[in-house]
Amino acid sequence: MTGIVYKSTGSWYVVKTLNGHFYECRIKGKLRLKDIKSTNPIAVGDKVQFELETKNNKETGVITGIDERKNYIIRKSVNLSKQTHIIAANIDQVFLLVTLNNPPTLTSFIDRFLVTAEAYSIDTILLFNKIDSYNEEELLEIKYLESIYSKIGYPTIQISALTGKNIDKVKQLMEGKVNMFAGHSGVGKSTLINTIEPSLDLKTKEISEQYLQGRHTTTFAEMFDLSFDAKIIDTPGIKGFGVVDMDKEEVGDYFPEFFRLKQDCKFNNCLHVKEPKCAVKQALENDEISYSRYRSYLQILEGDEENYRTDNWDTE
């Protein structure tokens, strides 16, 4: 039988068949040995083949194969720097939720996420949430961040999951697609999903005032069918986003504004660091490229995890 993985709990998977039936499935042992270096060989969104079996009067499935993925979002896994964790697969687009201070979303986190999405050709839309909670100075900072990313080519939308501001715009963009929602815990993913589809009634928790971090509500990635011809993948909050190893020569290609200038550099293999007549560094000096983006690029290039040394899922 063929189905799509809708939920992963580590050892069991909820799979939906083409005719709409759900089955709890486990992995056939051999699958774990097929050169899969990630901590989870199967991810939400995967198309799988499975066989039914009956044990203790309960019908479950055994996953025997995984179809080739068109893309996926991947990150370094918990405390296992050499292993990776696939967050979700076969995604049409990602909505990355950003909040200014409750909790703070650093540009380095945004940029690491965008680099990974670029590497796997996944469109990303930035949602600046909780727009109703900011003062005038904070709103100016939001507009500044929007200008950085919209100039590069990333769509940005100011939203409020609480008041419903611009939620219709988000829903229009979601129609007919598999959408993944991502961001730190506390940025309002579950609240936003509940606003988009109230019948789901996902659990939400308040921000921890002591640490200004969201409290963990989503434990496992899970896909939902929505009432307006869209699918959504809700994911656990991410504290940091460790970029999976890339060749230094290719990192700049996943910064679209760098890639556009690459042909104007004197050297074909320019890393945009110390080389003479570098078009990227010249654009930086002319304020045509954001300094925060260039700083993020250098951090990734140098393998500097900065605040991501405890790179893991939020578990508060």
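Predicted model: local features only at pLDDT ≥ 70, side-chain atom pairs only at ≥ 80, totals over all residues.

Modeller: Residues are numbered from 1 along each chain as its sequence is written, and side-chain values use heavy atoms, with hydrogens and water left out.

Colleague: How many aromatic pairs does a search of the whole structure find?

Modeller: Rings of Phe, Tyr and Trp (its six-membered ring) pair if their centres lie within 6.5 Å; planes under 30 degrees apart count as stacked, over 60 as edge-to-face and the rest as tilted. By this criterion, the number of aromatic pairs in the whole structure is nine.

Colleague: Which kind of aromatic pair do F258 and Y297 form?

Modeller: The ring centres of F258 and Y297 are 5.1 Å apart. With 75 degrees between the planes, the pair is edge-to-face.

Colleague: Why does this pair tie together parts of the chain that are apart in sequence?

Modeller: Helices here are DSSP runs of H or I with at least four residues, numbered from the N terminus. F258 lies in helix 6 and Y297 in helix 8, so their pair joins parts separated in sequence by 39 residues.

Colleague: Are F258 and Y297 buried or exposed?

Modeller: Buried means under 20% relative accessible area, exposed over 50%, and partly exposed in between (1.4 Å probe, protein chains only). Both F258 and Y297 are buried.

Colleague: Which residues form one aromatic cluster?

Modeller: F258 also forms a tilted pair with Y294, at 6.3 Å centre to centre and 50 degrees between the planes. The members of the one cluster are F255, F258, Y294 and Y297.

Colleague: Over which ring does the charged end of K171 sit?

Modeller: A charge sits over a ring if NZ of Lys or CZ of Arg is within 6 Å of the ring centre and within 35 degrees of the ring normal. The charged end of K171 is 5.0 Å from the centre of the ring of F228.

Terms used:
Helix = DSSP H or I, 4+ residues; strand = E, 2+ residues; numbered from the N terminus.
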